[in-house]
Amino acid sequence: MAYQDYRQIHTELQTQIDGGDLDSATLLNTSREAATSEEAFGRFQEAIETLRSINQQVFDDIWANQKEALPRNQLLYGLISYGVLVLLVVAGLYHRYREL
């Protein structure tokens with residue numbers, strides 16, 4: 001919503017510039033009052049920062065849950081992979097020796 005407000009104000013600002021009303025355009029662009037470019041951009045920036053912190057918290061929560069399971073999974077899948085590799089090598093060697 002903050003981004004849409006900023007875009008709408010930017011369109012109004014562009015219209016004022018194109019119409020030659022530079023005083024109003026300058027006031028709209030630099031004032032920090034409600035419904036001005038600076039205020040809308042400040043709300044947009046705050047919303048983005050809030051979103052970033054939410055995403056960071058979700059990532060941290062997921063990582064906290066996964067990092068405990070990671071060593072266990074590495075060990076389990078590592079042993080299974082090693083066993084499969086050994087079986088494949090043995091099967092390959094068996095067939096090579098049968099050819100001789």
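Student: Which residues make up the largest nonpolar core here?
Tutor: In this predicted model, the largest nonpolar core has five residues, namely Ile 9, Leu 13, Ala 25, Leu 28 and Ala 40.

Student: Which helices supply at least two residues of this core?
Tutor: Helix H1, covering 2-18, and helix H2, covering 22-30, each supply at least two of the core residues.

Student: What is Ala 25 in contact with, leaving aside its neighbours within four places in sequence?
Tutor: With those neighbours left aside, Ala 25 is in contact with Leu 13, Gln 16 and Ile 17. Ala 25 and Leu 13 are both members of the largest nonpolar core.

Student: And how much of the protein is buried?
Tutor: Buried residues account for 11% of the 100 residues.

Student: Changing topic: how many helices and strands are there?
Tutor: The protein has three helices and zero strands. Along the sequence, the pattern reads α-α-α.

Student: How far apart are the C-alpha atoms of Trp 63 and Leu 27?
Tutor: Their C-alpha atoms are separated by 47 Å, and the two residues are 36 residues apart along the chain.

Student: Where is Trp 63, then?
Tutor: Trp 63 is placed in helix H3. Its relative accessible area is 43%, so Trp 63 is partly exposed.

Student: On to charges. How many salt bridges does the structure hold?
Tutor: The structure holds four salt bridges. One of them joins Arg 32 to Glu 38, with the closest N and O atoms 3.8 Å apart.

Student: Are those two residues buried or exposed?
Tutor: Arg 32 counts as exposed because its relative accessibility is 67%. Glu 38 has 30% relative accessibility, so Glu 38 counts as partly exposed.

Student: What does Arg 43 pair with?
Tutor: Arg 43 forms a salt bridge with Glu 39, and their closest N and O atoms are 2.7 Å apart. Both residues lie in helix H3, four residues apart, which is about one turn of the helix. A network of salt bridges links Asp 5, Glu 39 and Arg 43.

Student: And which residue does Glu 49 meet?
Tutor: The side chain of Glu 49 meets that of Arg 52 in a salt bridge, at 2.8 Å from N to O. Glu 49 and Arg 52 are three residues apart in helix H3, so about one helical turn separates them. Glu 49 is partly exposed at 41% relative accessibility, and Arg 52 is partly exposed at 45%.

Student: Last topic, the surface. Which residues make the nonpolar patch?
Tutor: Leu 76, Tyr 77, Ile 80, Val 84 and Leu 88 make a nonpolar surface patch of about 510 Å².

Student: Where does Ile 80 sit, and is it buried or partly exposed?
Tutor: Ile 80 lies in helix H3, which spans residues 37-99. With a relative accessible area of 46%, Ile 80 is partly exposed.

Conventions:
Residues are numbered from 1 along each chain as its sequence is written. This is a predicted model: local features need pLDDT of at least 70, side-chain atom pairs count only at pLDDT 80 or more; totals for chains, interfaces and linings use all residues. Side-chain values use heavy atoms; hydrogens and water are left out. Patches are made of residues with over 30% relative accessible area and no salt bridge: like charges are joined within 9 Å, nonpolar side chains (Val, Leu, Ile, Met, Phe, Trp, Tyr) within 5 Å. Accessible areas come from the Shrake-Rupley method with a 1.4 Å probe; for residues, only the protein chains shown count as cover. Buried means under 20% relative accessible area, exposed over 50%, partly exposed in between (1.4 Å probe, protein chains only). A nonpolar core is a set of buried Ala, Val, Leu, Ile, Met, Phe, Trp, Tyr and Cys residues joined through side-chain atoms within 4.5 Å. Contact means heavy atoms within 4.5 Å.
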